[in-house]
Amino acid sequence: MSSRITCDVHTTTPVAVVRLKGALDLGTMRSVHEALTDALVDQPEALVVDMAEVNVKDRLALSVFAATARRAEEWPAVPVVLCAPSPVAARWLAESTTCRVVPVSADCAEATRVAGATSTLRMRTRLEPVAGACRRARELVTDACARWNLPDAAGPAALVLTELVGNVVRHAGTPMQVTVTLRRPYLHLAVVDGSCAEARPGGTNLHAEGGRGLLLVRELAQKWGSVPAGQGKAVWAMLPAT
């Protein structure tokens, strides 16, 4: 991270707290974005950003927090809360679109409570890249939909998660973490594997033996994507939670 701004990440609780210290401007906002993105790799229940020791030099740099929140909403489907901005930064936040995306609290303790109150329902499992992985993924998402009373989402979610896991088995060949999250109005599905190769839909050749799984994901999901996650990647999809 830039020498003009540093961060300290605490992940000992389900809520990760990132304490920033230094100058935030257009030159350091990229470093801040990278640090916050790295904090999301551990998939905390929520992300709190402590701004008590941040000197905001350029109000446009505050957009980094909205960008992080939008990224976190897609994967790993967690809320982001800001806390303890300076009076000037608080005024700029209130005048910007950032506050529409990211709640702002007066202090870290309050922000942690806010983040905890908006925490999500989540089920996880680790799978090996073997033939039975797809069946276990279907069982996980079917169980989740039954527990959370989402009868209409169960079928499409099972198909989507099967394809995401099958893609890892066929192409990445690494152990994976599978996560099913309910953060209304969406059911979020995610698979994190150990391959950094971006997941891409195959061609539309109807005579091909494979490669159409992610095309099916694209058709069934409201949104989907592939993002770097540590040494590998996360492939995620969002479906209506009904």
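Reply: A residue is called buried when its relative accessible area is under 20% and exposed when that area is over 50%, with partly exposed in between. The model shown here is predicted, and Arg19, with a relative accessible area of 35%, is therefore partly exposed. The side chain of Arg19 meets that of Asp50 in a salt bridge, with 3.4 Å from N to O. Because Asp50 lies in strand β3 (residues 46-56) and Arg19 in strand β2 (residues 15-24), this pair ties together parts that are 31 residues apart in sequence.

A second salt bridge joins Glu74 and Lys223, whose closest N and O atoms are 2.6 Å apart. Glu74 belongs to helix α2 (residues 63-74) and Lys223 to strand β9 (residues 223-229), so the pair ties together parts that are 149 residues apart in sequence. Glu74 is partly exposed, with a relative accessible area of 22%, and Lys223 is also partly exposed, with a relative accessible area of 39%.

Glu198 and Arg200 form a salt bridge as well, and here the closest N and O atoms are 3.2 Å apart. Glu198 counts as partly exposed at 49% relative accessibility, while Arg200, at 61%, counts as exposed.

Salt bridges can also be linked in a network, as they are for Arg59, Arg91 and Glu95. The structure as a whole holds 13 salt bridges, including the pair of Asp50 and Arg19, the pair of Glu74 and Lys223, and the pair of Glu198 and Arg200.

Conventions
Residues are numbered from 1 along each chain as its sequence is written. This is a predicted model: local features need pLDDT of at least 70, side-chain atom pairs count only at pLDDT 80 or more; totals for chains, interfaces and linings use all residues. Side-chain values use heavy atoms; hydrogens and water are left out. A salt bridge is a side-chain nitrogen of Lys or Arg within 4 Å of a carboxyl oxygen of Asp or Glu. Helices (H or I, at least four residues) and strands (E, at least two) are DSSP runs, numbered from the N terminus. Buried means under 20% relative accessible area, exposed over 50%, partly exposed in between (1.4 Å probe, protein chains only).
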